[in-house]
Amino acid sequence: MTLLDVDGQAHEVAGDTQAVDPESLTEATGWTLKPEGLCRDETCVPLLGRPIVWEDGRIDLLEWAAALGLALALDEDHIVAALAPPAHDTGRAGVPAPDLELPALDGSTRSFAELAGRKRVLVTWASWCGCRHELGAWQAIQDELADEGLAVFSVALDATPDDARPWIEAADPDYPVVVDTAHVTAERYGITNVPSVVWVDEDGTVVKPPTIAPGDDQFADFTQIDAATHHDALRAWVRDGTVPEGPSTPVRSPEGQEALAERRLGAWLHGQGQTRAAAGHLARAAQLAPWDWTIRRGGLALQGEDPFLGEDFLVFWEEWDAAGRPGYTPTT
């Protein structure tokens, strides 16, 4: 069986979508079954009587995932399963910023932690968003505030590096730009739309959770957001530590967590050429998280549909706009 872990990595595990070999599962995920529970490094999760072991010694995959609080999506026809991380408050103000290690276009790996010790702004975008034209605007912000202690780290939430390549190469920014095909950035920071930004202080603590922040006003008629509002607040934070008040990012619901697993499974199947099966899982993800643009609009782009003026996107946009633009929180 193929198991997609919470980082989007594929592992071949002995077993099927019902039960797997314990040693093979440990090798893939790092979790080991011990008398005290499921353990990895210094962490142990007690099972509290949960029956995760079959009579033949194999691990019940559904029970195992539930014990760890992981969402699990299955495709029995293609013998593949996908995990999504547990729902938690990562991305909220006051919590440590999760690290990210993601590939750049040149094949190197860049880490968000490499910028530690400075104020950092995590900027997320995608080729299916007008924000693909805003890398130059973030370069201007970097140029203005770098000497005052700010570092920009940019992440494209795209299906393949080649989707983001034209926009990165055209802008040629000197700040790190990486491509997150597994969407771990969205999962770890609670991002459901782009362009979203997160502020992280010198100590590695999230001080401003994800909010919508365009790089400039090219698409202000659509976003209905003045980019200067965010940029002025960013300048104030860099220069004197002032953080604007704003709503916290809500913890994902169990349905939203399941949607992440379904999206991961659908994206992997699509990459394997199993487009019909992929469409079913992507549709399920959209049903579970109807206002998550990284799933809904990103899924349209993944399947070759028009994410800008296509009929499906326009219908989605009208529904979302009529619902009050849920999840579209600008800086105030």
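Me: Which residues point one way from E12, and which the other way?
Reply: In this predicted model, Lys-119, Val-121, Val-123 and Trp-125 point one way from E12, while Arg-120, Leu-122 and Thr-124 point the other way, and all are buried. Buried here means under 20% relative accessible area, with exposed being over 50% and partly exposed in between (1.4 Å probe, protein chains only). Strands are DSSP runs of E with at least two residues and helices are runs of H or I with at least four, numbered from the N terminus.

Me: In which sense do E12 and E13 pair?
Reply: E12 and E13, the latter covering residues 150-156, pair in the parallel sense over seven bridges, where pairing requires that DSSP finds at least two bridges between two strands. Within E13, Ala-151 is the bridge partner of Arg-120. The chain gets from E12 to E13 through helix H3 (residues 135-145), and this β-α-β crossover is right-handed, meaning that, with the strands pointing away from the viewer, the path from the first strand over the helix to the second runs clockwise.

Me: What about E15, parallel or antiparallel to E12?
Reply: E12 and E15 (residues 196-200) run antiparallel and are joined by five bridges, with Thr-124 standing opposite Ser-196 of E15.

Me: Changing topic, what is the strand order in the open sheet of four strands?
Reply: The order is E2-E1-E9-E8, with mixed pairing, and the edge strands, E2 (10-12) and E8 (71-75), each pair on one side only. Inside that sheet, E1 (residues 2-4) and E9 (residues 80-84) run parallel and are joined by three bridges, with Thr-2 opposite Val-80.

Me: Zooming out, how many helices and strands does the protein have?
Reply: The protein has 11 helices and 16 strands. Its radius of gyration is 20 Å, close to the 20 Å that the globule rule gives for 332 residues, so the protein is as compact as a globular protein of that length; the radius is taken over C-alpha atoms, and the rule is 2.2 Å times the number of residues to the power 0.38. Of the 332 residues, 49% count as buried.

Methods:
Residues numbered from 1 in each chain as written. Predicted model: local features only at pLDDT ≥ 70, side-chain atom pairs only at ≥ 80, totals over all residues. Heavy atoms only, no water.
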